[in-house]
Amino acid sequence: MRTPRPLRLFIVPLLALAACKREDGAPAPKPVEFEAVATTADTTGTAPMTAQAQEMEPPLPGDNSPADGYNREQYSTIVENEFRDVRNNPLSTFAIDVDAASYANVRRFLGEQRLPPPDAVRIEELVNYFDYDYPDPVGDAPFSITTEIAPAPWNPAHRLVHVGLQGRRMDPRSLPPANLVFLVDVSGSMDEPSKLPLLKEAFGLLVENLRPQDRVSIVVYAGAAGMVLPPTPGSRRDDILEAINSLSPGGSTNGAEGIRLAYQLARDAFIRGGNNRVVLATDGDFNVGVSSDAELVRMIEREREAGIFLTVLGFGTGNLQDAKMEQLADKGNGNYAYLDGIQEARKVLVGEMGGTLFTIAKDVKVQVEFNPSHVRAYRLIGYENRTLAAEDFNDDHKDAGELGAGHSVTALYEVVPVGAAETPARGVDPLRYQQVRPTAHAGGSGELLTVKLRYKAPDGNESRLLVRPLTDRRMGLAATSADFRFSAAVAEWGMLLRGSKFRGQSSYGQVAELARGALGSDRGGYRAEFLRLVDSSRQLAGAQGDRDEPVAGR
């Protein structure tokens with residue numbers, strides 16, 4: 001491999017970018033070099049992309065914030081799902097979520113000997129970080145559906161419903177050709193070992209797995225946006241690696257212009273029937289050049305409708321704009337991962353490359369109908385920012401989650417059976433003009449609930465429907481699968497970290513005991529690592545209070 005050259009920004013007029021494309025796949029000519037000119041946009045920063053985004057407080061004496069006192073991390077406020085009365089709310093509807101950024105971010109906090117802020121803990125992302133041994137799909141459906149039910153470990157009077165989806169696994173060599181545009185943040189805030197140096201090493205792992213039919217482009221943004229590498233075949237790995245290794249940090253952050261340029265390159269090198277995707281790598285700080293967050297989101301939504309999806313990779317500490325990055329990935333029909341080290345980079349970009357970078361189903365929505373003859377109340381655990389109105393389920397214009405090749409998705413419901421001594425659901429006055437009564441079928445079927453799913457093909461506009469009923473066979477917790485017990489342990493851990501009011505009889509000791517008996521084959525050792533994290537969080541909680549009681553970090 002040649003010695004890396006210093007980074008040079010190629011500022012290319014958009015109308016000339018098409019010249020970088022070669023139909024025969026041969027290397028494109030080098031673009032003409034221009035002097036990089038910083039944008040004149042407002043440098044005062046923009047509001048968070050969600051009204052609920054919250055900036056972590058500055059450190060107080062004796063607290064567990066970074067020693068240097070610099071902390072601009074932002075997380076969206078999570079208002080946990082409440083119990084819903086089935087008589088008034090028989091339907092629960094949400095979009096799937098395969099992001100796992102929260103788990104790696106929580107691991108980073110624990111590695112720094114700090115408990116995470118409660119709003120950094122998204123329980124569905126903790127649960128979905130792990131592989132589960134769900135059966136492969138059969139027939140034409142791109143995924144299988146698995147359901148189980150048993151007592152909830154933290155409240156044995158309640159039942160825990162486990163719903164698992166398994167995406168069709170594909171040999172990486174048989175995946176459609178990829179048109180990837182690496183959009184790299186090289187602003188001054190990326191000048192830390194856990195940011196740009198890790199980013200370069202991570203992309204190097206991905207490049208080693210490229211095929212000749214794949215194409216890679218590289219765009220950078222700092223004070224200005226520029227093209228470092230035009231669309232280049234995956235067979236020219238040395239040239240791609242040289243461009244990656246030449247990146248160096250400096251300047252403020254013009255993220256919006258970088259995204260526009262990256263999408264333009266993706267359009268110019270578009271592969272019909274292929275995986276066309278922008279891969280944004282950043283600490284999330286978009287503080288220059290964004291005239292309107294809403295305008296940026298609309299652009300990303302337009303590009304996803306044209307078949308260009310967005311994956312977001314987060315890096316670093318002290319400046320992580322988690323709320324903004326998650327929203328960008330959601331709007332771009334992609335996923336959001338946080339890379340806290342090279343092992344996580346290998347997991348996301350090599351071991352899970354198909355699931356991370358290739359979509360097999362889009363706009364996947366789940367709707368669960370609960371039988372009022374058997375269920376008094378229910379609560380969806382996690383997915384707070386993925387809930388949908390009941391009417392959205394049949395609306396094919398409503399955007400939802402995406403499922404990648406080989407990815408699994410897990411959702412958990414805590415259910416209060418009919419006949420329970422009490423119900424935590426908030427009630428309403430009796431209706432004056434109508435009554436809601438279970439049908440005769442509801443009382444005699446034995447069905448606890450029905451799971452319905454809608455999904456579209458990656459290039460389709462019309463959804464397809466799958467329906468699966470679930471009967472409660474009164475199975476005990478010990479008789480359930482290792483996947484059921486392990487996912488329950490992870491959810492319980494998340495409730496402890498959040499200090500959830502729904503944690504019931506939870507304790508770190510119970511989490512460890514439940515997970516230890518459900519390690520299974522543990523490919524990659526991730527479940528064993530989970531046990532170490534549980535022990536770390538237990539010790540940190542113990543340093544702040546009762547060892548087995550939840551103590552939420554700031």
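Select Trp-493 and, skipping neighbours within four places in sequence, you'll find it in contact (heavy atoms within 4.5 Å) with Tyr-103, Val-106, Leu-110, Leu-126, Tyr-508, Val-511, Phe-530, Leu-533, Val-534 and Ser-537. Keep in mind that this is a predicted model, where local features need pLDDT of at least 70 and side-chain atom pairs count only at pLDDT 80 or more, while totals for chains, interfaces and linings use all residues. Residues are numbered from 1 along each chain as its sequence is written, and side-chain values use heavy atoms, with hydrogens and water left out.

**The largest core**

Now widen the selection. Trp-493 belongs to the largest nonpolar core, which has 47 residues; together with Tyr-103, Phe-130, Leu-160, Phe-486 and Phe-530 it touches the most other members. A nonpolar core here is a set of buried Ala, Val, Leu, Ile, Met, Phe, Trp, Tyr and Cys residues joined through side-chain atoms within 4.5 Å. Buried means under 20% relative accessible area, exposed over 50%, and partly exposed in between (1.4 Å probe, protein chains only).

Colour the elements that give two or more residues to this core, including α1 (101–111), β5 (143–152), α12 (508–516) and α13 (526–544). Helices (H or I, at least four residues) and strands (E, at least two) are DSSP runs, numbered from the N terminus. α11 gives the most, with ten residues. Apart from this core lies another, of 37 residues, with Ala-178, Leu-206, Phe-315 and Ala-337 among them.

**Around β13 and β17**

Next, select strand β17 (residues 447–456), where eight of the ten residues are buried. On one hand there is β13 (residues 359–370), joined to β17 by seven bridges and running antiparallel to it; two strands pair if DSSP finds at least two bridges between them. Click Val-451 in β17 and you'll see Val-368 standing opposite. Val-451 also stands opposite Arg-468 in β18, and β18 (residues 464–471) pairs with β17 in the antiparallel sense over eight bridges.

Stay on β13 and pick Gln-367, which lies in that strand. Is Gln-367 buried or exposed? It counts as buried because its relative accessibility is 3%. A polar atom of its side chain lies 3.2 Å from the backbone oxygen of Ala-390. Beyond its neighbours within four places in sequence, Gln-367 is in contact with Leu-91, Ser-92, Thr-93, Ala-390, Phe-393, Thr-450, Val-451 and Lys-452.

From there, go to strand β4 (residues 91–95): four of its five residues are buried, so the rest of the structure largely encloses it. β4 pairs with β13 in the antiparallel sense over five bridges, and Ala-95 stands opposite Lys-365 in β13.

**The six-stranded sheet**

Now show the open sheet with strand order β9-β8-β7-β10-β11-β12 and mixed pairing. Its edges are β9 (225–233) and β12 (336–338); each has a single partner strand, so one side of each has no neighbour in the sheet. Inside the sheet, β7 (residues 178–185) and β8 (residues 215–221) pair in the parallel sense over seven bridges. Pick Asn-179 to find Arg-215 of β8 standing opposite.

**Last stop: two helices**

Finish with α6 (residues 293–305) and α7 (residues 322–331), which pack at an angle of about 30° with axes 8 Å apart. Axes are lines fitted to C-alpha atoms, for helices over the stretch in contact, and angles run from 0 to 180 degrees between N-to-C directions. Show side chains for Leu-296, Val-297, Ile-300, Glu-301 and Arg-304 in α6, which meet Gln-327, Leu-328 and Lys-331 in α7.

How values were computed:
Polar contact = N/O pair within 3.5 Å; in protein donor to acceptor, adjacent residues only side chain to side chain.
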